[in-house]
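Reader: Hello! Could you take me on a close look at the part of this model around the ligand, and at the strand that runs beside it?

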Amino acid sequence: MTTSVKICGLKTTDDVAAVAAAGARYAGLVFFAKSPRHLEIDQARNLALEIPEGVAKVALTVNADDATLDAITAQVPLDMLQLHGKESVERVQEVRARYGLPVMKAIGIADEADLAQISTYTQVADQLLIDAKPPKHADLPGGNGLAFDWRLLAGRRWATPWMLAGGLNPENVAEAIHLTGATQVDVSSGVESAPGVKNAKKIADFVQAATNPVPRF
Ligand SMILES: O=C(O)c1ccccc1N[C@@H]1O[C@H](COP(=O)(O)O)[C@@H](O)[C@H]1O
């Protein structure tokens, strides 16, 4: 089975072109003011209109209220909502019902105890994003380029589709897939030249490494 790739934090039409040319399946647009990848709604709309069919447009929000999600979903053509904050099970259900879009819930993992969170959301989310838990005082709840111990996921399976994220890059993604059995992977800082600046070569290398994961270790 080939691996599906999500490239998160696109900001320019060149980023869109690089993602499409590389063959990624999902493109992430970030709505979180503290992030170097943050987009205003009109910027996001213009960018989303450039994303070709076949690449799913995912809006990433963090603890967003209805007014924020109303504004985003009214103006930006989207295929999925990614909830990357502390949204409860009930909030995930509400968002799914209110917007009629598939919801991907991010879950931060630092150690084995955090894995219980995954089962909590399997019944309510359409997809799960298994990411590294951010450091305690981090500005961003994700997009920090930090990995967790992938061996924690070895041999585990969930009925709900899931993506692996956190500190992935073209050099380590094959090993991450090998250790976790992930069939979908998500990356942001690992395909950048500087925070918020995507690099077309790194995007192409990442997709290549993820979709042809010949272990190099
Ligand atoms: O990318 C961001 O700026 C961001 C901001 C707030 C929450 C989540 C964010 N990114 C998500 O985190 C994963 C992992 O990022 P990285 O590859 O470790 O940099 C990323 O794929 C986004 O889904």
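Author: Two strands, β2 (26-31) and β8 (184-187), each give at least two residues to the shell around the ligand; strands here are DSSP runs of E with at least two residues, helices are runs of H or I with at least four, and both are numbered from the N terminus. This is a predicted model, so local features need pLDDT of at least 70 and side-chain atom pairs count only at pLDDT 80 or more, while totals for chains, interfaces and linings use all residues. Residues are numbered from 1 along each chain as its sequence is written.

Of the 27 residues around the ligand, the nearest are Ser 35, Gly 142, Gly 143, Ser 188 and Ser 189 (near means a C-beta atom, placed from the backbone, within 6 Å). The shell consists of 11 nonpolar, 13 polar and 3 charged residues; Ala, Val, Leu, Ile, Met, Phe, Trp, Tyr, Cys and Pro count as nonpolar, Asp, Glu, Lys and Arg as charged, and the others, Gly among them, as polar.

Now to β8 itself. In a regular strand the side chains alternate between the two faces of the sheet. In β8, Gln 184 and Asp 186 on one side and Val 185 and Val 187 on the other are all buried, that is, with 20 or more other C-beta atoms, placed from the backbone, within 10 Å of their own. β8 also pairs in the parallel sense with β1 (residues 4-8), over 4 bridges; pairing requires at least two DSSP bridges. Within that pairing, Val 185 of β8 is the bridge partner of Val 5.

Methods: A residue is buried if 20 or more other C-beta atoms lie within 10 Å of its own, exposed if 12 or fewer, and partly exposed in between; C-beta atoms are placed from the backbone.
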